[in-house]
Amino acid sequence: MAYKAVMEAFMDPARIVISPSTASQVHDWLRKRVQRGDLPPGMRVSETEVAAAIGISRQPVREAFIRLASDGLAEVRPQRGTYISRISVSAVLSARFIREAVEADLARAVALARPADILDRMADEIACQHRADHAAKVEDFIESDDRFHRLLAQAAGQDAVWSDLERLKAQMNRLRHLSMRVFDRSFTIGQHQAILDALCDGNPDAAETATRAHLRQMLTEVPQMAAAQPDYFTD
């Protein structure tokens, strides 16, 4: 699909407000579309086409591209243009390793504290995941998945930790949007339920074990996805 066609299919110009933060808005839009796979690995992106689609000058778009490259989501090829980068397997595995270490500790802390209100909200997210799975709404499923894990950090009194993790997992998010369309989402729901059950039981060992098992699932999915779509991956 041509880049212009992608822009027409997914762009909502009304959401871009011309202001000093225009470059940030464009960056956030592009980052989300890259992570969702709307702009796939290897696609060439054009400052001119993006600027024309939004109705702004090229400067904020250029700044957004620079930020996207610093995220590891785009690469500039001299005299050839800017391209959406392939998914870095090493970056995915590094982010997964850090998430496991951090969230395992968060799970232990939450199992000891057992804040009823947040545990209820985590249960609500699992119900939301069931609905999204049955309706095959992958984006809704992933958004609920993120909220479930964010609530784990909040329940441990570590809201900022999730923000730090979010910055680390740009490549991981790209893989998740691919894998959730291929693998059994009900399996993920079952893993979330196992985590929640351990938290509600006040069992820190079981909570840690369930969390580690959940986050290690990606070790199985990464090689399968890389083998199925080799053009999308690097290292």
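Predicted model: local features only at pLDDT ≥ 70, side-chain atom pairs only at ≥ 80, totals over all residues.

**The serine at position 88**

- S88 sits in strand β4, which covers residues 87–88.
- S88 has a relative accessibility of 12% and is counted as buried, because buried means under 20% relative accessible area.
- The side chain of S88 is joined to the side chain of S90 by a polar contact of 3.1 Å, and a polar atom of the S88 side chain also lies 3.1 Å from the backbone nitrogen of A91.
- When residues up to four places away in sequence are left out of the count, S88 touches Q171, T234 and D235.

**The pairing of helices α7 and α10**

- Helix α7 is made of residues 138–155 and helix α10 of residues 185–201, and the axes of these two helices come within 12 Å and cross at roughly 20°.
- Because angles under 35 degrees count as roughly parallel, this crossing makes α7 roughly parallel to α10.
- The crossing in which α7 passes α10 is left-handed.
- On the side of α7 the contact is made by V138, F141, D145, F148, H149 and L152, while α10 contributes R185, T188, I189, H192 and L199.
- Sorted by class, the residues in the contact of α7 with α10 are six nonpolar, three polar and two charged.

Note on methods. Residues numbered from 1 in each chain as written. Heavy atoms only, no water. Helix = DSSP H or I, 4+ residues; strand = E, 2+ residues; numbered from the N terminus. Buried < 20%, exposed > 50% of the residue type's maximum accessible area, 1.4 Å probe, protein only. Polar contact = N/O pair within 3.5 Å; in protein donor to acceptor, adjacent residues only side chain to side chain. Contact = heavy atoms within 4.5 Å. Axes fitted to C-alpha atoms, helices over the stretch in contact; angles between N-to-C directions. Parallel < 35°, antiparallel > 145°, perpendicular 65-115°, else oblique. Left-handed = near helix turned anticlockwise from the far one by under 90°. Nonpolar A, V, L, I, M, F, W, Y, C, P; charged D, E, K, R; others polar.
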